[in-house]
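I opened my notebook to look around a protein, one feature at a time. Come along and check each entry against the picture.

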Amino acid sequence: MKNMLLLAVAAAALSHGAVAKDFETAPRDLKLNEIQVLGTHNSYARPVDKRIMAVVDPVIEKMMAQFSANMSEADMARFKEEHPSGMKLSEGLNYDHPDLKTQLDAGLRSLEIDVNPDPKGGHYLDPAGYRLLRSQGVTDLPPHNTTDLDKPGFKVLHVPDIDFRSHCPTLKLCLTQIREWSNANPGHVPVFILLEAKTQGLPVLPQPTPPVPFDAARFAELDQEIIDVLGRERLITPDDVRGNYATLNAAVRAGHWPTLKAARGKIVFLMITATGPAATKAYLDGHPSLKGRVAFLRAEPGEDHAAFLMYDNALVRSEEIKRYVAEGYIVRTRSDIETYEAKANDMTRAKAAFDSGAQVVSTDFFRPGNAYGTDYVVTLPGGGAARCNPLKCPLGQ
């Protein structure tokens, strides 16, 4: 009888393995904004060819020197906060992620996807970086996945012409992989997708590819594509959180997030737009407090649509993050910025990020082995796919 019981328990553990990994012991009343997860930055990206960076680095360094000389004191302070370590662009891109399903299988519950509009198709099919290398006689170019790049739709890449290699070059492909993984892992901790609407390029190579701007119509297409691939029932949207409150911000500050139990198996989109106000306005126009929108838009505390905040530098913004998490906001921060921490093998920022209570902590180094040969690896304290937020559970239950 005892052996039969053990076999039954083992079978149950195998059949519910995904749920067991996904924070099965969470307090029953824990809410979506009261957990903490680890994710990756530019999750789709594959390494950039070093020969492209050998051309680009000196140009960028010269441009930055000129740019810095004309910065105001306030702009310089902001720039140093966002780029604290003075790393070259090639160093900032010195990471290597596996495909999205592998990351999710490893327990990551946040992914970052950059989307670039391509309404006609083919806009990003022939990157200037590879054209330049081919003109120099280079024939051993790293593989460039061009699946469906010739078709209209949103393309997934970091910087046109330079950092364009992607595990899933279209948004549909990325979302399809996430949907398939979600279907295979019912009951998983909700996955936070940081969706960056790219509106700027880096025109430093000959015949650069111009960026295609976002407008309200393209944002509507983006929302619809997410719904078409994932299904509305799989999403947690601003409408779900706002409920009967006058604004999304009022709902958030009242703690009107769903419970973790209700959110299992769901996807949450957190939208980042360009630093200028145009793209933000385009996502909000006609959608006050994000009514009818799919994603929670990056905001400043107190704005009507504010639910999601982003403070990447936890060493500078630790107290603000703690305060705003306590007020009900969801915050993203980073454990490493532009690969400096991996190079220096320095866990200081990672510790500050986790201790801050930010619900989403992003890293470029969730597994052993990096280009610098250091031991730097970031894992969620206590392991697993999620933990009770340290501001909610100080002892880390």
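Here are my entries, in the order I made them.

**Ground rules**

I am working with a predicted model, where local features need pLDDT of at least 70, side-chain atom pairs count only at pLDDT 80 or more, and totals for chains, interfaces and linings use all residues. Residues are numbered from 1 along each chain as its sequence is written, and side-chain values use heavy atoms, with hydrogens and water left out.

**Entry 1: the core**

Which residues does phenylalanine 269 contact, leaving aside its neighbours within four places in sequence? I listed Leu175, Ile193, Leu195, Ile226, Leu230, Leu235, Val294, Ala295 and Phe296. A contact here is a pair of heavy atoms within 4.5 Å.

**Entry 2: arginine 218**

I found arginine 218 in helix 9, which covers residues 216-230. Helices (H or I, at least four residues) and strands (E, at least two) are DSSP runs, numbered from the N terminus. Setting aside neighbours within four places in sequence, I saw arginine 218 in contact with Pro117, Pro119, Phe154, Val212 and Pro213.

**Entry 3: two disulfides**

A disulfide is a covalent bond between the sulfur atoms of two cysteines. The cut-off used here is a pair of cysteine sulfur atoms within 2.5 Å. I counted two disulfides in the structure.

- Cysteine 168 pairs with cysteine 174, with 2.0 Å between the sulfur atoms. This link is right-handed, with 90° about the S-S bond. Cysteine 168 counts as buried because its relative accessible area is 1%, and cysteine 174 is buried because its value is 0%.
- Cysteine 388 pairs with cysteine 393, with 1.9 Å between the sulfur atoms. This link is also right-handed, with 60° about the S-S bond. Both cysteine 388 and cysteine 393 are buried.

When I numbered the bonded cysteines in sequence order, the pairing came out as 1-2, 3-4.

**Entry 4: a pocket**

On a 1 Å grid over the protein atoms alone, a cavity is a set of points where a 1.4 Å probe fits but cannot get out, while a pocket is an open set with protein on both sides within 12 Å along at least five of seven lines; lining residues have an atom within 4 Å of a point. Grid points are joined across faces, edges and corners, and a volume is the space filled by probe spheres set on the points.

I noted a volume of about 340 Å³ for the second largest pocket. Its lining has 19 residues, and Leu93, Asn94, Tyr95, Asp96 and Ala371 lie nearest the centre. Helix 3 (50-69) and helix 5 (89-92) each give at least two residues to that lining, and helix 3 has the largest share, with three.

I sorted this lining by class: nine nonpolar, five polar and five charged. Ala, Val, Leu, Ile, Met, Phe, Trp, Tyr, Cys and Pro count as nonpolar, Asp, Glu, Lys and Arg as charged, and the others, Gly among them, as polar.

How many cavities of 30 Å³ or more does the structure hold? I found three.

The largest cavity has about 50 Å³ of space. Its lining includes His123, Asp126, Pro160 and Thr209, and the classes are six nonpolar, two polar and two charged.

The second largest cavity has about 40 Å³. I wrote down Tyr124, His144, Leu149, Val156, Leu157, Phe164 and Pro169 as its lining, with six nonpolar, one polar and no charged residues.

**Entry 5: positive phi**

Leucine 290 has a phi near 65°, a positive value in a residue other than glycine. I placed leucine 290 in the loop between helix 13 (277-284) and strand 7 (296-297). Is leucine 290 buried or exposed? Leucine 290 is buried, because its relative accessibility is 0%.

Asparagine 345 has a positive phi too, near 55°. I found asparagine 345 in the loop between helix 15 (340-344) and helix 16 (348-355). Asparagine 345 counts as partly exposed because its relative accessible area is 37%.

Definitions and conventions:
Buried means under 20% relative accessible area, exposed over 50%, partly exposed in between (1.4 Å probe, protein chains only).
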